[in-house]
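I open this notebook to record what I looked up in the structure shown below. The entries follow the order in which I consulted it.

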Amino acid sequence: MRTNTAPVIRLEDYTPPAYTVRHVNLDIDLHAEKTHVIAKLSVERMADIAVSEPLWLDGDELKLVSISVDGEKLSASDYTLDDTGISVSNLPATNEFQVEIETSLAPEANTKLMGLYLTNGVYCTQCEAQGFRRITFFPDRPDVLATYDVRLEGYKAQCPILLSNGNPGETGASKDGRHFAHWHDPHPKPSYLFAAVGGDLDVLNDSFTTASGMAVDLNIFVETGKAPMAAWAMDSLIRSMRWDEEKYGREYDLDVFNIVAVSDFNMGAMENKGLNVFNDKYVLADERTATDADFANIEAIIAHEYFHNWTGNRITCRDWFQLCLKEGLTVYRDQEFSADERSRAVQRIQQVRTLMAGQFSEDSGPLAHSVRPAAYKEINNFYTATVYQKGAEVVRMLAALVGPEAYRKATDLYFERHDGEAAVVEDWLAAFEDSAGIDLTQFKRWYAQAGTPRVTARGEYDADAKSYTLRLSQETAPTPGQDTKQPFVIPMRFGLMSGAGEPISASHESEAVTGGLIVLDEAEQIVTFIGLNERPVLSLLQGFSAPVRLDFDESDEDRLVRAAHDSDQYNRWEALSGFALKQLAAVAGNPKFDFDSRLIETLAATALDNSLEAAFRAAAITLPSEGDIARELEANIDPDAIYAARSELAKRVGGTLGETGFALALQLDESQKSSDPLQAAAERSLSTALWQLLVASEVKGATTAVVETHRASLNMTVRLSTLSTMLRSPVMADESAKAIENFLSEFTDEPLVIDKWFSVQAASPGEAGLKTFETLLNHPLYTLSNPNRARALLAPFAASNPTAFHRADGSGVALFADTIIELDRRNPQLAARLLSLMNDWRKLEPVRAEHAREALSKVAGSTGLSVDTQEIADRALA
Ligand code: B3K
Ligand code: ZN
């Protein structure tokens with residue numbers, strides 16, 4: 001059992017392995033209670049390592065049966081065994097030797113879902129980050145790369161399908177109704193990419209021919225009877241494979257690519273070489289059970305895991321501190337894929353909203369850490385928004401700084417240099433420095449310094465000199481363990497326009513400006529534009545070209561010019577939503593403040609503007625979330641005041657939309673049936689946004705229409721969005737209660753839909769919402785043993801329902817904390833992740849903050865807590 005005093009692992013302490021493993025022969029005999037594993041390791045002593053140096057093999061909750069070296073069984077004096085692994089001494093003097101280890105383990109008792117476990121009768125593995133040591137003793141670190149031969153055996157009736165990484169080999173019958181399958185993976189890989197699956201699964205099959213003509217068999221394995229629901233995932237996979245060839249010149253490298261969907265999984269999916277394992281939520285979809293957001297997520301996650309084949313698998317990470325090297329880069333790649341497949345502007349809006357919601361709050365609170373962290377206790381706690389999303393933004397900035405051609409050259413060089421290796425961030429940057437001839441010494445601070453820089457911009461027009469002077473400065477607040485920060489390199493894309501919204505070009509007197517970018521790399525900088533006959537309207541940080549908070553004192557008039565005319569669609573959205581955010585924060589801070597009528601009119605006009613794409617209009621009129629407003633306010637947060645301000649704005653915009661908006665919403669609900677899928681989804685998003693506003697202001701007929709749309713639709717996006725609209729409306733309590741009941745009986749046998757049923761209710765606001773949460777925690781269909789179900793209730797409650805979660809009496813956070821303590825006993829990784837949703841408790845007003853502190857302290861002080869949850873609780877309280 002690990003204890004609360006788990007050691008801190010530091011990047012600066014990295015040392016290369018003393019021994020590596022060149023080849024692994026693994027024999028896994030699957031049994032629920034006692035799986036037998038024989039591992040034969042071809043071990044090599046590294047140069048300059050003394051013969052007396054012991055061999056360290058990690059192990060976690062394994063039963064050692066026997067261990068031998070070069071065929072000789074070891075005696076007790078040849079090794080020491082503790083609950084973290086084995087240290088083997090008295091090794092042969094030869095540089096290469098064979099180690100054979102027999103272990104046994106119990107998949108059915110594995111509730112952590114790390115290593116080998118059972119899910120719905122299917123054996124499956126999860127090894128990243130440190131799960132392989134729960135299957136056999138091994139140097140379980142990413143810089144030990146080996147080829148693998150695997151033999152799996154299981155009961156033919158229970159496990160007709162037996163899969164592992166690489167290419168399939170011999171199969172055959174064994175005794176007692178058992179059979180076996182061999183798999184060979186020729187690509188050296190770290191142990192975290194190992195996978196094995198055994199179960200009774202259906203398969204959807206297709207094929208792909210690579211650009212160089214190699215045929216690849218594509219299989220998606222799913223629960224029996226569900227193969228047709230994998231069609232969208234398959235389509236997404238094929239498009240991803242083509243995209244990676246076209247955009248990065250990267251081809252697939254095995255005869256088969258297998259995906260298995262399972263129903264108990266701690267995260268979204270896992271990129272095991274040639275055998276991706278997925279949470280079935282990100283594979284199974286049809287219109288009746290999945291929303292448009294589910295379809296988009298499936299596309300993005302299928303792409304993400306596939307793209308890891310090059311960024312993560314063929315080039316892996318030397319140590320876990322380099323996680324962003326594969327995750328940030330792969331997120332950037334999947335974001336660009338989605339942008340190419342869908343509306344680039346709307347994708348960017350969504351990416352930035354996700355970044356701000358998760359990463360900005362992480363970066364400004366007690367869990368703040370750099371994109372490449374310097375220390376950790378439990379690595380699973382560092383699969384964070386900072387490593388993933390900010391990691392992607394850092395790659396995006398690099399791409400912007402060098403331009404598309406140099407970017408491609410640099411990635412080509414990176415692949416050429418490091419294919420088959422375990423690399424570090426420095427290798428990635430060197431590929432850019434060497435191919436583009438730039439110096440990234442300062443840029444590298446993005447990997448080392450935590451915190452979101454605040455960029456202040458002040459512009460001044462001089463009519464006599466016909467010049468516009470822009471004063472820029474940057475500042476980054478201290479974060480835990482980092483008191484002072486050095487200036488970052490901040491690429492800011494910009495454009496100038498006239499007061500009438502016409503683009504204007506201007507010369508400038510500054511080295512900081514190159515091709516549409518101002519590169520701010522000092523604490524303070526001045527950029528002067530000349531030859532301007534009128535005061536320009538400046539559009540700054542177009543496309544959100546750097547992950548910073550921008551404080552620009554532009555007038556509301558300029559904002560409105562940008563909202564109507566900015567040539568950059570993202571900034572056009574930002575102009576309007578930023579205006580709304582500013583006003584919402586003002587009203588939440590002081591209810592006497594009134595909303596600017598121009599905001600309300602512009603929001604309504606944008607909703608009705610047919611010249612704009614529907615998805616953009618939906619994004620523009622979806623009001624900032626309660627979390628967005630809280631972030632804007634920064635301190636002394638009162639969720640009830642925020643909720644009231646937001647409801648008031650919704651009501652006012654809905655009222656202004658009135659009958660015209662009502663007619664449009666009805667028309668959209670009709671027209672979606674005929675248009676192409678992406679257009680139909682865009683129209684649904686617009687109608688959802690409209691109904692929310694119309695119902696909020698009780699526009700005549702709106703409530704009845706929503707009930708009717710909900711009842712009549714067979715589309716899950718519509719079913720769920722209308723249900724959510726009803727639940728948020730105080731005047732629709734009866735209708736929503738009925739709809740909730742009907743929805744449950746209609747989908748009782750569809751677990752992924754029942755998850756949605758929990759989630760939609762977990763977001764019900766206020767005191768009633770808290771009661772609902774309590775009732776649902778005790779609902780017969782609720783369980784903490786299925787991660788999707790556990791998350792379905794806990795995540796939306798903690799992340800997006802502040803009026804219930806942070807009730808002034810503290811009952812919301814108390815209930816949440818008790819549930820986390822219970823969950824931690826089964827599944828530490830999941831408990832820790834959910835607990836991290838409390839990270840910004842210090843920004844609350846004092847009474848609520850004190851309740852949150854008490855709840856966190858209760859978690860931190862509970863006995864037998866995992867290292868995972870302890871680390872999060874301790875850091876949150878520090
Ligand atoms: N690499 C995995 C995440 C593993 C998380 C381990 N706690 C999925 C992904 O990012 O693609
Ligand atoms: Zn990933």
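Entry 1. A pair of helices.
I began with helix 5 (residues 385-402) and helix 7 (residues 425-436), which pack at an angle of about 5° with their axes 12 Å apart. Helix 5 and helix 7 are therefore roughly parallel to each other, since an angle under 35 degrees counts as such. I note that the model is a predicted one. I then looked up the residues that meet: Val395, Leu398 and Val402 come from helix 5, and Trp428, Leu429, Phe432 and Ala436 from helix 7. By class, the residues of this contact between helix 5 and helix 7 are 7 nonpolar, no polar and no charged.

Entry 2. Domain bounds.
I next consulted the domain assignment of the protein chain. The assignment gives domain 1 as 9-200, domain 2 as 316-448, domain 3 as 454-546 and domain 4 as 582-877. For domain 1 and domain 3 I also looked up the separation of the C-alpha centres, which is 55 Å.

I turned to an open sheet of 4 strands, whose order is 10-11-16-13 and whose pairing is antiparallel. Its edges are strand 10 (115-119) and strand 13 (161-164), each of which pairs on one side only. On average, and with direction ignored, neighbouring strands of this sheet are turned by 15° against each other. Within the sheet, strand 11 (residues 122-126) and strand 16 (residues 196-199) run antiparallel and are joined by 2 bridges. I asked which residue of strand 16 is the bridge partner of cysteine 124. The partner is valine 197.

Entry 3. A hairpin.
Strand 14 (residues 167-173) pairs with strand 15 (residues 178-189) in the antiparallel sense, over 5 bridges. Here glycine 172 has phenylalanine 180 of strand 15 as its bridge partner. The hairpin of strand 14 and strand 15 has 4 residues between the strands, and I recorded that aspartate 176 takes a positive phi near 60° in this hairpin.

I then examined an open sheet of 5 strands, with the order 17-18-19-21-20 and mixed pairing. Strand 17 (201-209) and strand 20 (269-270) stand at the edges with a single partner strand each, so one side of each has no neighbour in the sheet. Strand 18 (residues 215-223) and strand 19 (residues 256-262) pair in the parallel sense over 5 bridges. In that part of the sheet I found aspartate 217 opposite valine 256 of strand 19. Helix 1 (residues 231-248) packs on the sheet and touches strand 17, strand 18 and strand 19; its direction makes about 25° with that of strand 17. Helix 2 (residues 292-307) lies across strand 19, strand 20 and strand 21 (275-279), and runs at about 150° to strand 21.

Entry 4. A second pair of helices.
Last, I looked up helix 18 (residues 733-747) and helix 19 (residues 751-762), whose axes come within 9 Å and cross at roughly 160°. That angle makes helix 18 roughly antiparallel to helix 19, because angles over 145 degrees count as such. Helix 18 passes helix 19 in a left-handed crossing. I listed Ile740, Phe743, Leu744 and Phe747 of helix 18, with Val753, Ile754, Trp757 and Gln761 of helix 19, as the residues that make the contact. The residues of this contact divide into 7 nonpolar, 1 polar and no charged.

How values were computed. Residues are numbered from 1 along each chain as its sequence is written. Chains are lettered from A and ligands numbered from 1 in the order in which they are written. This is a predicted model: local features need pLDDT of at least 70, side-chain atom pairs count only at pLDDT 80 or more; totals for chains, interfaces and linings use all residues. Side-chain values use heavy atoms; hydrogens and water are left out. Axes are lines fitted to C-alpha atoms, for helices over the stretch in contact, and angles run from 0 to 180 degrees between N-to-C directions. Angles under 35 degrees count as roughly parallel, over 145 as roughly antiparallel, 65 to 115 as roughly perpendicular and the rest as oblique. A crossing is left-handed if the near helix is turned anticlockwise from the far one by less than a right angle, and right-handed if clockwise. Contact means heavy atoms within 4.5 Å. Ala, Val, Leu, Ile, Met, Phe, Trp, Tyr, Cys and Pro count as nonpolar, Asp, Glu, Lys and Arg as charged, and the others, Gly among them, as polar. Two strands pair if DSSP finds at least two bridges between them. Domain bounds come from an automatic or database domain assignment.
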